[in-house]
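Work through these exercises with the structure open beside you. Try each task before reading its solution.

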Amino acid sequence: MVKERNSVKRRLKRTGYTLACSEVGCRGRERQALLHFKQGVECNNQTGHVIRLDLHEQYLGGKISQLGPSLAELQHLKHLNLSYNDFEGILPTQHGNLSNLQSLDLGYNSDMTCGNLDWLSHLPSLTHLDLRWVNLSKAIHWPQAINKMPSLTELYLSDTQLPPIIPTISISHINSSTSLVVLDLSENGLTSSIYPWLFNFSSSLVHLDLSGNDLNGSIPDAFGDMTTLAHLDLYSNHLNGSIPDAFGNMTTLAYLHLSSNELRGSIPNAFGDMTTLAYLHLSSNELRGSIPEAFGNMTTLAYLDLSWNQLEGEIPKSLRDLCNLQELLLTGNNLTGLKEKDFLACSNHTLEVLDLSYNQLKGSFPDLSGFSQLRELHLEFNQLNGTLPESIGQLAQLQVLSIPSNSLRGTVSANHLFGLSNLIDLDLSFNSLTFNISLEQVPQFRASRIMLASCKLGPRFPNWLQTQKGLLNLDISASRISDVIPNWFWNLTSDLNSLNISNNHISGTLPNLTSYPSYLGMDMSSNCLEGSIPQSVFNAGWLDLSKNLFSGSISLSCGTTNQTGWGLSYLDLSNNRLSGELPNCWEQWKDLIVLNLANNNFSGKIKDSIGLLYQMQTLHLRNNSFTGALPSSLKNCRALRLIDLGKNKLSGKITAWMGGSLSDLVVLNLRSNEFNGSIPSSLCQLEKIQMLDLSSNNLSGKIPKCLKNLTAMAQKGSLVLPYIVFDDWEIPHYYVDSTLVQWKGKEQEYKNTLELIKSIDFSSNKLIGEIPIEVTDLVELVSLNLSRNNLIGSIPTTIGQLKLLDFLDLSQNQLNGSIPDTLSQIADLSVLDLSNNTLSGKIPLGTQLQSFDASTYEGNPGLCGPPLLKRCPEDELGGVSFTSGLSSKKEDIQDDANNIWFYGNIVLGFIIGFWGVCGTLLFNSSWRYAYFQLLSKIKDWLTSTGLHLKD
């Protein structure tokens, strides 16, 4: 006995567990097995045998197999809980020797595996089994193993990577001896092949969770036979078709979750028969039609979520009968209004959350004054108009008031909001509301989120904000503030996650604070801020100071240190008056994704350390005075999608590595610099490029024939350039890239439509040679500009393949030959310039080419024909050429057509004139009588006048 006890002690010691036995009356051998266990042990007071061992959430770690031999000593154990312990390895089958077990919980040990569950059949008394997160991917015969457990009532196998059931006769027709009451098979990727095995338990199941699987097809009517079910969760599968009416048979169901599927059709009226239902989730499907009036029969309903469907019509008046309703979520539908004012009358003392956002609700703001328990009100993105009622201030429990993007107008006073002492989230953005609050009025709430964009708060800075000490998010952009930032305002920034005061007329300077948190997203763009940019500002995670009056250098920013490890991901200092050289410490901003320093007065060389920005996707240095060659280190920034270095004084050659290393480039703009040399053929490797602008440089040599490899310009579809950058608090910041494009003679900024521009601009260089025919393979090109070069040869005859061209400029070259007839096939061409070349021959006939001004073709002495005044020789009289004859025939046809129109108009005029007079006289008797009476009088007058002259 002593030898066995010591053996058990040694095995436990090798496991590394420091577990201890508390003062319980355990038998010697079992006490030794428990020597190193912590508290969580229960022994039978009469026999002294260990009957319960609960070690959950001890995070013991190590191999589960090392614990197996020790547990085998506890033969009288009834309850074993080893969940949440980070065990790993293969689950020992010795657990099957604990034949008295009634409850076994090994869940949430994600590194533990079990390939065979046959040992469970040796536990005849087991009623509760929890293996959540244990890897069962190799347990192919798990259904058979479950069927051999006669006492099992609760089974939890969530996220265990269960292999799918292969439908066989032996499984689908098993007469299981189990009486499962609770079954959780969620998050396993199971398919609809589970149904035959599952419906064996139709008469016993009370709780069934199949969420997060791959169930597809329609929902079987057999679910309606599960008349004992109280909880059914089919969330996040691929179920389609309509919701079966058979659900109405589930008269004991209290919880039904069908969200995030592909269900279609209308919501069945059979729901009205489910009078015990308390929670109903139908969100994120494709349900249509109106909300059934039968919903009013579900009087026990506490939670109703129909959001993100395609429901329409008005909110039914029957919802007023739901006296237990606590949460009503109807967001993201096409609902148009409320049938009556008190649409939720019975639940005015129970309703806590009301979300009607993202609908098409019209009319005035609903009267919610009686909803004494309302905590959250969401009405954003509707079409509500009128004023915000003061009765909103009576919702004493209100924590969230979110009504942005409506058409509300009028005044907001302290009576509306300042009495809401529980308010933590206030969003009135993008309405036409005017705040009228005196300096002395102080709100009772301490909000964490205040969003008032486009509300009129100014002209003075809202003084009441200084009481909001715990603010996390503040947006007062475009609020008509014309004031200097008060000193107290900077005290709010210590806890802020995001700050937006953009698009105002705020003036003054930024203080050099030490309290700017590194996760702060700060947008102060489009104001009148001036002075130098303090070093501490660069601690922010998202920084937009563009379109201000900042001046001086930013080299001091090299002293910036980040305390949390989260660095600056977005930096926009464009459109200011900043000057000097760029800092040489880019390595401290290794998290930068967007860098925009355009339209300033920066000078000097671009520093090599910029190549350390490995995550950078956008680089704007446009319209500065940078000099020198591009740093070779830039090839390390392989994530770059947009480079705009236009309008600088950069020189040297366009290096070959740009094509090979920056393969994700969508936009490359190097226009208006001093680059020389030839266009490297490596640029042809930029398969994703959609805008390539090398214009206004000193480039020479030939245009590479390999341009046909720019596949994004030859294939349909566009790559987009929006970014979502998440800060340390997982708050998203949205950014859509933009660049200036030389379009139709003017520089225009393209932002949301940038993805639609597919263009090549090599104009104003010294390029020679012919236009490569391969360029015409880029059939998705919208703009092609090769003007102001020394190109020779003819225009490719296949130019007509570029049917999407809107802009084509080949002017001021030395092109010769005739204009290809195929050019007239480009129907959408709105700008064409072929001037100042040596083109000759007749301009091809076609409505498109003749619609352009004569200046399109001027400077080509050999060109003739419309729209030029110069006639072609074959058009002169006496021409005997085939072309002349063809032209003559065309003119004859035109003359015949003109004659037909001339005589046709005469006939038409006669008909209208005749029936305009005679038709009126025919159908109007009074006019006819008056007309002939007038003729009679004229006749008598002429007769009397003639007789008088004769006399």
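**Exercise 1. The whole chain**

How much accessible surface does the protein chain have, and what percentage of it belongs to carbon and sulfur atoms?

*Solution.* Start with the basis of the values. This is a predicted model, in which local features need pLDDT of at least 70, side-chain atom pairs count only at pLDDT 80 or more, and totals for chains, interfaces and linings use all residues. Residues are numbered from 1 along each chain as its sequence is written, and side-chain values use heavy atoms, with hydrogens and water left out.

Step 1: the accessible surface of the protein chain is about 41,600 Å². Accessible areas come from the Shrake-Rupley method with a 1.4 Å probe; for residues, only the protein chains shown count as cover.
Step 2: carbon and sulfur atoms hold 51% of that surface.
Step 3: The protein chain has eleven helices and 62 strands. Both are DSSP runs numbered from the N terminus: helices are H or I with at least four residues, strands are E with at least two.
Step 4: Of the 951 residues, 50% are buried. Buried means under 20% relative accessible area, exposed means over 50%, and partly exposed lies in between (1.4 Å probe, protein chains only).

**Exercise 2. The nonpolar cores**

Find the residues with the most contacts inside the largest nonpolar core.

*Solution.* Step 1: know the rule. A nonpolar core is a set of buried Ala, Val, Leu, Ile, Met, Phe, Trp, Tyr and Cys residues joined through side-chain atoms within 4.5 Å.
Step 1: the largest core has 228 residues, and W142, F223 and F271 have the most contacts inside it.
Step 2: see which elements supply it. Among those giving at least two residues each are β1, β2, α4 (142-147) and α8 (657-661).
Step 3: look around F271. Leaving out residues up to four places away in sequence, F271 touches I243, L256, L277, L280, L282, F295 and M298. A contact means heavy atoms within 4.5 Å.
Step 4: find the second core. This separate core has six residues, including V667, M691, V741 and I757.

**Exercise 3. Salt bridges**

How many salt bridges does a search of the whole structure find?

*Solution.* Step 1: the search finds 13. A salt bridge is a side-chain nitrogen of Lys or Arg within 4 Å of a carboxyl oxygen of Asp or Glu.
Step 1: take E42 and R52. Their closest N and O atoms are 3.0 Å apart. E42 sits in β1 (residues 41-43) and R52 in β2 (residues 50-54), so the pair ties together parts ten residues apart in sequence. E42 is partly exposed at 35%, and R52 is partly exposed at 33%.
Step 2: take D693 and R671, which meet at 2.9 Å, N to O. D693 lies in β48 (residues 691-693) and R671 in the loop between β46 (667-669) and β47 (674-678), 22 residues apart. D693 is buried because its relative accessibility is 4%. R671 is buried at 7%.
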